[in-house]
Amino acid sequence: MKNFTANSDFTISDQSVFETCPSNIALIKYWGKFVGQIPANPSISFTLNHCKTNTSVDFFGNENFSVQTFLSGNEEKKFSEKIEKYFRNIEIYLPWILKGKYVIRTENTFPHSSGIASSASGFGAIAKCLMSLDKIFSGKTDEDFKLKKASFLARLGSGSACRSLYGGLVVWGETPEVKGSSDLFAVKFPDDEIHPVFKNFNDWILLIHEGEKSVSSTIGHALMNTNPYAERRFQEARENFALMKKILKTGDLQNFIKLTEHEALTLHAMMMMSDPAFILMKSGTLEVIRKIWNFRQETDLPLFFTLDAGANVHLLFPNNNENQKIINFIRSELIPHTQNGNVVKDLISI
Ligand code: PMV
């Protein structure tokens, strides 16, 4: 896009940079996109505290363009090809990008087998590394612009990655509800519009199924192009966004729970209504949901869930001293539904 294109005023040299970027979990889901990685509806996510990708980039200037990647020390040829293609796509925004050789080493702080999408934190970290190199090569030092452009570039790698560049609650997609929001990059949801009740949450990810997801998000988004309910879904997401904004302001936890779970189930329903249809949940996912609903009915305690496009369940509950009963319940009733007893315990703090 025009604002982010760059002129060829740069000086390259051999450089090494390192960046870290967290993952995020959407409350209002992005599912469906237009050409150029433009989201069909606005989305909002919590950025996680612990699930991160750490990435180092060694750049050797004036060598032939090539990309070599290592994930946790192991060379990943397929990932190298993906990154090479990505770099070629973004040359218009970083005119120096094809003028050297790259060795990229990347590590996730969450287990590789966990099925947690690493594309958000992964592309976030690479985009930050690229902007660090750009700062050195172009001499441009505007930190706000650098962050915004990193979000813009991360989006072109993986849509939801653009939200990982900021902490707290983050919005992607143009909406009249949030000033400055854009389809091209994410922005922070204003902290002063968030009731204290939402500022400290646990996100414990139950690993119901470890390993690769059955459907890539690329295929999932594409299926929305022929889904007969797509237009209604995009409209509903916009309505839900407006509702979420009110809930966040007023601290209406009951409706927050209702809306967050509804969004997760809608994402899965969309996949069930696609052609071909996909069921992304496993039986353990359904059992966990059933038990959470029973638990809430019996105790009135604020334990609820969201899902990404897979079988694992993100358990959300306030991070305070009064949640021992919730934790005991998770241990005795929910963890038995995981494949190997594994839970990734993360936090959301604003
Ligand atoms: O960024 P992608 O293309 O992997 O899409 C991610 C979509 C969901 O995680 C299912 C929802 C979201 O908004 O993050």
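Is Ser-72 buried, partly exposed or exposed? Ser-72 has a relative accessible area of 46%, so it counts as partly exposed, because that class lies between under 20% for buried and over 50% for exposed. The model in which this value was computed is a predicted one. Ser-72 sits in the loop between β5 (66-71) and β6 (74-75). Its phi is near 50°, which is a positive value in a residue other than glycine. Most residues other than glycine have a negative phi, and most peptide bonds are trans. Both parts of that rule have exceptions in this chain, and some of them are described further on.

The chain as a whole comes next. The domain assignment gives domain 1 (2-191) and domain 2 (193-349). Taken over C-alpha atoms, the centres of the two domains are separated by 25 Å. Domain 1 and domain 2 also touch: 34 residues of domain 1 are in contact with 47 residues of domain 2.

Consider residues within the range 2-191, which belongs to domain 1. Asp-9 is found in the segment before β1 (15-28). With a relative accessible area of 58%, Asp-9 is exposed. Leaving aside residues up to four places away in sequence, Asp-9 touches Phe-137 and Ser-138. Asp-9 and Phe-317 are 308 residues apart in sequence, and their C-alpha atoms are 50 Å apart in space. Asp-14 lies in the segment before β1 as well. The C-alpha atoms of Asp-14 and Phe-59 are separated by 5.5 Å, although the two residues are 45 residues apart along the chain. Apart from residues up to four places away in sequence, Asp-14 touches Phe-59, Phe-60 and Gly-61.

Helix α2 covers residues 119-138. Just after α2 comes Gly-139, with a positive phi of about 75°.

Lys-148 is placed in helix α3 (residues 143-157). Its relative accessible area is 34%, so Lys-148 is partly exposed. Not counting residues up to four places away in sequence, Lys-148 touches Phe-4, Tyr-166 and Phe-185. Between Lys-148 and Leu-169 there are 16 Å in space, C-alpha to C-alpha, and the two are 21 residues apart in sequence.

The text now turns to the range 193-349, assigned to domain 2. Phe-201 lies in strand β10 (residues 200-206). Is Phe-201 buried or exposed? Its relative accessible area is 0%, so Phe-201 is buried. The contacts of Phe-201, not counting residues up to four places away in sequence, are Leu-253, Phe-256, Phe-304, Leu-316, Phe-317, Pro-318, Asn-319, Leu-347 and Ile-348. Phe-201 and Gln-297 are 96 residues apart along the chain, with 21 Å between their C-alpha atoms.

An exception to the rule about peptide bonds follows. The peptide bond from Asp-275 to Pro-276 is cis, with omega near 5°. Pro-276 is placed in the loop between α6 (253-272) and α7.

Helix α7 (residues 283-299) packs against helix α8 (residues 324-334) at an angle of about 145°, and the axes of the two helices are 12 Å apart. Is this crossing left-handed or right-handed? The crossing of α7 and α8 is right-handed. On the α7 side the contact involves Val-288, Lys-291, Ile-292, Phe-295 and Thr-299, and these meet Lys-325, Ile-326, Phe-329, Glu-333 and Leu-334 in α8. The residues of this contact divide into 6 nonpolar, 1 polar and 3 charged. The spacing of residues in such a contact can be read with a general rule in mind. An α-helix has 3.6 residues a turn, so residues three or four places apart point the same way.

Asp-300 is located in the loop between α7 and β11 (304-307). The phi of Asp-300 is near 65°, a positive value in a residue other than glycine. Asp-300 counts as exposed because its relative accessibility is 64%.

Technical notes. Residues numbered from 1 in each chain as written. Predicted model: local features only at pLDDT ≥ 70, side-chain atom pairs only at ≥ 80, totals over all residues. Heavy atoms only, no water. Helix = DSSP H or I, 4+ residues; strand = E, 2+ residues; numbered from the N terminus. Expected span 1.5 Å × (residues − 1). Axes fitted to C-alpha atoms, helices over the stretch in contact; angles between N-to-C directions. Left-handed = near helix turned anticlockwise from the far one by under 90°. Contact = heavy atoms within 4.5 Å. Nonpolar A, V, L, I, M, F, W, Y, C, P; charged D, E, K, R; others polar. Domains from an automatic or database assignment. Buried < 20%, exposed > 50% of the residue type's maximum accessible area, 1.4 Å probe, protein only.
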